[in-house]
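Please walk through this protein chain with the structure open beside the text.

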Amino acid sequence: WYQRRVREAVVSTQSTGGKTFGERLIADEFQRVIQETEDDTKDVLTNLLHLHLVSYVKDNAAWYLINSVITPEQATQITATFDHLCRVIGADALPLIESFKISDEMLSAPIGRDWVGFNDGDNKGELDGF
């Protein structure tokens, strides 16, 4: 029993640590891009990075609380910050979406027109008949 619990804890820590390391790489690269940006996009990108980071902490708040990385008060503040950033970024939602330049052709892919019908049977990856 004890060995199983220790093994589970190690795997959990490794998994959390690996994901955290990946998030750190993403954040570092995102920060580099923000620093190289010279127009008013910098503010929007900064808010998106902040939301991404706050979202990660929010999603893993239990782990941070159990391990005394944050206090319950800080966990509450994280949720408030997340909500605030969602409102701020919401004002830029349409321009952000438009910046991806998703064409009408991409939106009219068979799965985009009727995903229920597209997945109704085994289409084996084929688009014939749509």
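**The pocket and the helices around it**

Start with the lining of the largest pocket, to which α2, α4 and α5 (93–99) each supply at least two residues. The model is a predicted one. Helix α5 gives the largest share of this lining, five residues. The space in the largest pocket comes to about 270 Å³. Its lining has 13 residues, and Val-44, Leu-45, Leu-48, Leu-96 and Ser-99 are the closest to the centre. By type, the lining divides into nine nonpolar, three polar and one charged residue.

Next, look at how two of these helices meet. Two packed helices are described by the angle between their axes and the distance between the axes. For helix α2 (residues 41–59) and helix α4 (residues 72–90), the angle is about 145° and the axes lie 9 Å apart. Their crossing is left-handed. On the α2 side, the residues in contact are Asn-47, Leu-48, His-50, Leu-51, Val-54, Ser-55, Val-57 and Lys-58. They meet Ile-78, Thr-79, Thr-81, Phe-82, Leu-85, Cys-86, Val-88 and Ile-89 of α4. Ten of the residues in this contact are nonpolar, five are polar and one is charged.

How far can the coordinates be trusted? The mean pLDDT of the chain is 79, with 73% of its residues at 70 or more. Among the elements, α4 has the highest mean pLDDT (94), and helix α7 (residues 110–113) has the lowest (62). Over residues 5–11 the pLDDT is below 50, and this stretch has zero contacts in the model beyond near neighbours in sequence. Where pLDDT is low, the predicted coordinates should not be read in detail.

Methods:
Residues numbered from 1 in each chain as written. Predicted model: local features only at pLDDT ≥ 70, side-chain atom pairs only at ≥ 80, totals over all residues. Heavy atoms only, no water. Axes fitted to C-alpha atoms, helices over the stretch in contact; angles between N-to-C directions. Helix = DSSP H or I, 4+ residues; strand = E, 2+ residues; numbered from the N terminus. Left-handed = near helix turned anticlockwise from the far one by under 90°. Contact = heavy atoms within 4.5 Å. Nonpolar A, V, L, I, M, F, W, Y, C, P; charged D, E, K, R; others polar. 1 Å grid on protein atoms, 1.4 Å probe; cavity = no way out; pocket = protein on both sides within 12 Å on 5 of 7 lines; lining within 4 Å. Points joined across faces, edges and corners; volume = space filled by probe spheres on them. pLDDT = per-residue confidence, 0-100.
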